[in-house]
Amino acid sequence: MDSPLAHSPVQPVKSLLYWRKSKVNGAATVPVILALDPSGILTMKDAGPEMVFAAPVSQVSVRFTSWGTMIVQAQGRQHDIVGVGASLSPSPSAAQLDELAVAQGGNTGNDGTATRLGSSGAALSAVDGMGTAAGVAGGIAMEYAYFRGLEAIKAWQETLPLAGASVKKSSMKAMKYFTAAVLAALVIALLVGMFIK
C-alpha cells in the first residue's frame, strides 16, 4: 500500500540564499535564488539570472553542516549554500528581489514553509554591508542576520526530504556554542578590565 505522502504534490518553495563559490574569497559568496517547483525540480539561479543547476529533487543529495551550510550535490557538482552573505558579497539584484516578492505574494502553502523561506531571504537583502559595521552594534546585527539566514537553511532541511531528496541532517548548533564562548570571553574581558586600573 502506498503512503499518502507518495501522492502528495511537492510544496513549492523559493528563497534568497548565498552560494559560497570560494572558501577564502568573500566576494565570491553570491546571492542566488534556490527554488523547488511543484513538479519536483530544484533550481538555483544567480543574479545574472543564469541557471546554475536544474535537477529533479530525487536526483539531488544534500548534507547540512553543524555551522549551517547546505552542501548540494546536483548534476555532478557540489554547491555550498549559506543563509547570509559575507561582508564582501554583492547585493541581491533587483530581479532577484522582485522574483522573491512575487513568490511571497503568490504562495498560499498551508504549512508556512514557503513563506518562512521567502521571508528569511527578503530579510537578508537588508543586511548588505553589515560585515563592515564596527563595534558591538555591528556584531549584534551580523549575528541577527546569521540566525535569520540559519532559519532559512533549517527550513530547507525540513522541506527537501519530504520532496524526495537524499538528505543528511544536522542539528546546526555549532554557532550557538561559538556565540556562548564569545560572550563568555567578553564578560571575562570586561571583568578583568574593571579590576585592572
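Q: Where does Leu 191 lie?
A: Leu 191 belongs to helix 4 (residues 174-195); helices (H or I, at least four residues) and strands (E, at least two) are DSSP runs, numbered from the N terminus. The model is a predicted one, in which local features need pLDDT of at least 70, side-chain atom pairs count only at pLDDT 80 or more, and totals for chains, interfaces and linings use all residues. Residues are numbered from 1 along each chain as its sequence is written, and side-chain values use heavy atoms, without hydrogens and water.

Q: Why is Leu 191 called partly exposed?
A: Its relative accessible area is 41%. Buried means under 20%, exposed over 50%, and partly exposed in between (1.4 Å probe, protein chains only). Leu 191 therefore counts as partly exposed.

Q: Why does Thr 69 count as buried?
A: Thr 69 has 6% relative accessibility, which is under 20%, so Thr 69 counts as buried.

Q: Where is Thr 69, and which residues is Thr 69 in contact with?
A: Thr 69 sits in the loop between strand 5 (61-64) and strand 6 (70-74). Apart from neighbours within four places in sequence, its contacts (heavy atoms within 4.5 Å) are Arg 20, Arg 63, Phe 64, Asp 80, Ile 81 and Val 82.

Q: What makes a nonpolar core, and which residues have the most contacts inside the largest one?
A: A nonpolar core is a set of buried Ala, Val, Leu, Ile, Met, Phe, Trp, Tyr and Cys residues joined through side-chain atoms within 4.5 Å. The largest has 32 residues, and Leu 34, Met 70, Trp 156 and Leu 160 have the most contacts inside it. Helix 3 gives the most to this core, eight residues.
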